[in-house]
Amino acid sequence: MARIPRGHSRTAACAGALLLASATSSPSSARAAVPEFDSLDAALFGDSPALSSAFADVDGDGDLDLAVSYTNGGIGLYVNGPGAYSSAGARSGLPMAGPEVRGLGWGDFDEDGDPDLHAAVSGEAEKPARNLVFRNDGQGRFSEIAEGVGIRLTGADSRQANWVDFDNDGDLDLFSSQRSGRNRLFRNDNGRFTDVSEALGLDDPRRTVGACWFDMDEDGDLDLFLANQEADKDAFYRNDREAFTDVAPQLGMHQPARTVAEGGVGCAIGDFDNDGLLDLFVATYGMTLLYRNLGGGRFQDVAAEAGVQRRLHAVGASWGDVDNDGWLDLYVAAYENGAEYRPRDHLFMNTGGRFVDGLSADSALHAADHGVQWADFDRDGDLDLSLTESFRQNSRHQLFRNELPARDASGSLQVRVLDRDGRGTRAGSEVRLYRQDGTLLGSRLVTTGDGYGSQGDVPVHFGLGDTTVVSVEVTFLTPEGRTPKSIAGIDARAWLGKALEVRAD
């Protein structure tokens with residue numbers, strides 16, 4: 001078993017543009033302090049190459065369990081607690097081998113109160129495969145039901161899948177991106193699914209790997225960014241209710257000059273400059289991209305100014321405030337392909353709107369060439385790290401515990417966003433925190449997917465620095481549009497080790 005022992009901030013006082021300008025004096029050669037991380041018992045996960053991982057509270061006991069997909073087609077389920085992770089093994093009903101599983105996504109699509117699991121499968125021409133959906137039957141056991149509920153996706157070469165409510169009718173629909181073939185959108189109709197891809201204009205044939213949903217134009221519904229491979233232009237589909245329209249060319253976000261060796265791979269949404277608007281990072285083969293949200297559905301690539309522009313083989317990325325200083329940091333999983341493939345990762349530490357790579361060349365965190373996920377799995381207040389590696393001999397999955405000092409780890413707040421019946425179906429909702437004087441501390445997205453082919457079902461995490469009492473505002477996307485709900489006077493110290501729940505009205 002993997003053991004789990006134990007149980008200086010700035011605010012958004014100025015606009016993000018000023019933050020970027022004022023931070024440019026930070027020398028690019030400087031290295032920001034990264035908390036120490038401790039690798040948990042590797043024997044639990046073995047030395048099988050791993051591709052994706054995703055956290056969720058599978059058994060309803062209040063802590064985060066973990067699913068990991070391996071290149072042999074197996075999906076490991078690791079149950080958290082008390083004080084250790086243990087493998088559920090074959091008794092979970094998840095496959096021990098089979099076609100390669102490239103992505104994992106948790107979502108309560110049947111609205112019974114526990115998260116179900118989608119597996120994005122990558123088949124081959126001589127070995128066609130189909131995507132899998134595992135219904136959570138309770139007690140850590142799952143049944144595969146994809147075709148029975150209408151998710152018929154054969155000949156799959158799938159990557160990122162997203163459980164999202166694209167039509168604001170209260171249940172989770174499913175989008176499946178395809179590395180070869182047309183993307184698919186399945187609408188949830190009372191627990192059964194209808195393929196509406198062609199009718200809504202999302203049967204895009206481009207080679208999609210990363211897919212991120214968020215309300216980019218703040219009109220009350222979820223829009224879709226697609227990171228596309230092998231010179232295919234990226235797409236940004238605006239949700240027009242009756243159909244989706246690709247507005248990437250008019251926004252200048254389609255990357256038309258790519259070569260065949262270049263393309264988008266992963267995407268991640270986060271408010272890096274604490275201005276309340278959600279920004280977009282794209283991990284690429286080629287030059288990485290950071291689109292700052294200017295408001296009104298407009299974006300500007302500020303990767304160079306912000307210090308995260310690199311020419312990489314970047315695969316996955318995820319935002320997380322690793323040091324609880326109130327600013328989102330960014331982990332990018334990438335690899336070098338010289339004499340051998342090996343991870344060359346980046347943990348970009350946010351120094352107030354500009355980033356400094358905090359990983360030294362000999363850091364043990366150079367351990368991911370595909371997946372990265374943040375989650376406070378030991379409930380001590382700081383974000384821990386799941387990394388997957390598949391290229392090198394003896395590649396494996398590793399789980400790292402954040403060893404941030406207790407006084408800093410406790411300076412955080414986690415918020416769990418639920419529907420009115422207490423179910424985790426509100427992916428894409430937005431959470432903002434404010435000081436008592438009304439100053440915005442930052443915003444977070446209830447995740448719709450990031451890393452590499454991953455979507456967890458986890459609380460949003462805020463580092464607070466020296467702030468203790470805050471107001472929480474959750475923006476729900478409803479048939480009436482953007483619907484905010486606020487709770488004032490939250491003392492974060494009272495919520496250490498648990499998440500504040502906010503339900504839709």
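Author: In this predicted model, Leu174 has Phe186 in strand S13 as its bridge partner. The strands concerned are S12 (residues 173-178) and S13 (residues 184-189), which pair in the antiparallel sense over three bridges.

Reader: How many residues lie between S12 and S13 in the hairpin?

Author: Five residues lie between the two strands. In that turn, Gly181 has a positive phi of about 105°.

Reader: And which residue stands opposite Asp189?

Author: Asp189 stands opposite Arg192, a residue of S14. Strand S14 (residues 192-195) pairs with S13 in the antiparallel sense, and four bridges link them. This hairpin has two residues between its strands, and Asn190 takes a positive phi near 60°.

Reader: A change of topic, then. What is the order of the strands in the open sheet of five?

Author: The order is S10-S9-S8-S7-S34, and the pairing is mixed. S10 (142-144) and S34 (454-455) stand at the edges with a single partner strand each, so one side of each has no neighbour in the sheet.

Reader: How do S7 and S34 run, parallel or antiparallel?

Author: S7 and S34 run parallel and are joined by two bridges. Within this pair, Leu104 has Ser454 in S34 as its bridge partner.

Reader: I am also interested in Ser53. Is it buried or exposed?

Author: Ser53 counts as buried, because its relative accessibility is 1%, and the cut-off for buried is under 20%. The residue lies in strand S3 (residues 50-56).

Reader: Which side chain does the side chain of Ser53 join in a polar contact?

Author: The side chain of Ser53 makes a polar contact of 2.7 Å with that of Ser386. Leaving aside residues up to four places away in sequence, Ser53 touches several others, including Leu104 and Ser454.

Reader: What separates the C-alpha atoms of Asp112 and Gly424?

Author: The separation between those C-alpha atoms is 9.9 Å, although Asp112 and Gly424 are 312 residues apart along the chain.

Terms used
Residues are numbered from 1 along each chain as its sequence is written. This is a predicted model: local features need pLDDT of at least 70, side-chain atom pairs count only at pLDDT 80 or more; totals for chains, interfaces and linings use all residues. Side-chain values use heavy atoms; hydrogens and water are left out. Buried means under 20% relative accessible area, exposed over 50%, partly exposed in between (1.4 Å probe, protein chains only). A polar contact is a pair of N or O atoms within 3.5 Å; within protein, one must be able to donate a hydrogen and the other to accept it, and residues adjacent in sequence count only if both atoms are side-chain atoms. Contact means heavy atoms within 4.5 Å. Two strands pair if DSSP finds at least two bridges between them.
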